[in-house]
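Here is a short note for a colleague who is meeting this structure for the first time. Please read the points with the sequence and the 3D view at hand.

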Amino acid sequence: MNPPKIRPLRKGKSPRKVFSKGRSSRPMSVGRQLFESVLLLGFGAGAFTFLSWLPQKLDAMVVVSEAIADLIRGLSQLVEAALGLAAIILIALLLVLAFVSIIAGTIRLFKGCSRLMRGTTNPHVKTRRSASKIKR
């Protein structure tokens, strides 16, 4: 077998810096900075122009009030649908509870009738008379 190759420990800093910030970013060129500033200024001026032109074509208050009315209608429909679903779930649970109670009642009725027909009681079940022995 060949002995495992073990690298010697390096003295000094390791080349891999995990948590270091590294080099700072390069400074932006003047031409790129001027180009970006012209683009941003043009976008801002165009947006202001569009916003000043918009009220001539649309009545902003009507648009906002219609949006709020639509939102309120939608929320009321959502609440109404949630209440309807809750009512359906409640009726289904009540139906399951009714089936379970009818089945349990029928089973207990048959057990009680069978005990009456046999006439004997279960020896493991103690009644009050057999449990209390009063000496007179």
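Predicted model: local features only at pLDDT ≥ 70, side-chain atom pairs only at ≥ 80, totals over all residues.

1. Residues are numbered from 1 along each chain as its sequence is written, and side-chain values use heavy atoms, with hydrogens and water left out.

2. The structure holds 2 salt bridges (a side-chain nitrogen of Lys or Arg within 4 Å of a carboxyl oxygen of Asp or Glu). One of them joins Glu 36 to Arg 32, with the closest N and O atoms 3.2 Å apart; both residues belong to helix H1 (residues 30–57), 4 residues apart, about one turn of the helix. Helices here are DSSP runs of H or I with at least four residues, numbered from the N terminus.

3. Arg 32 is exposed at a relative accessible area of 51%, whereas Glu 36 is partly exposed at 32% (buried is under 20%, exposed over 50% and partly exposed in between, with a 1.4 Å probe and protein chains only).

4. Arg 73 and Asp 70 form a salt bridge with an N to O distance of 2.8 Å, and they sit 3 residues apart in helix H2 (residues 60–118), about one helical turn. Arg 73 is partly exposed at 49%, and Asp 70 is partly exposed at 44%.

5. There is 1 aromatic pair: the ring centres of Phe 50 and Trp 53 lie 5.9 Å apart with their planes at 40°, so the pair is tilted. Rings of Phe, Tyr and Trp (its six-membered ring) pair if their centres lie within 6.5 Å, and planes under 30 degrees apart count as stacked, over 60 as edge-to-face and the rest as tilted. Phe 50 and Trp 53 are both in helix H1, 3 residues apart.

Note on methods: Helix = DSSP H or I, 4+ residues; strand = E, 2+ residues; numbered from the N terminus.
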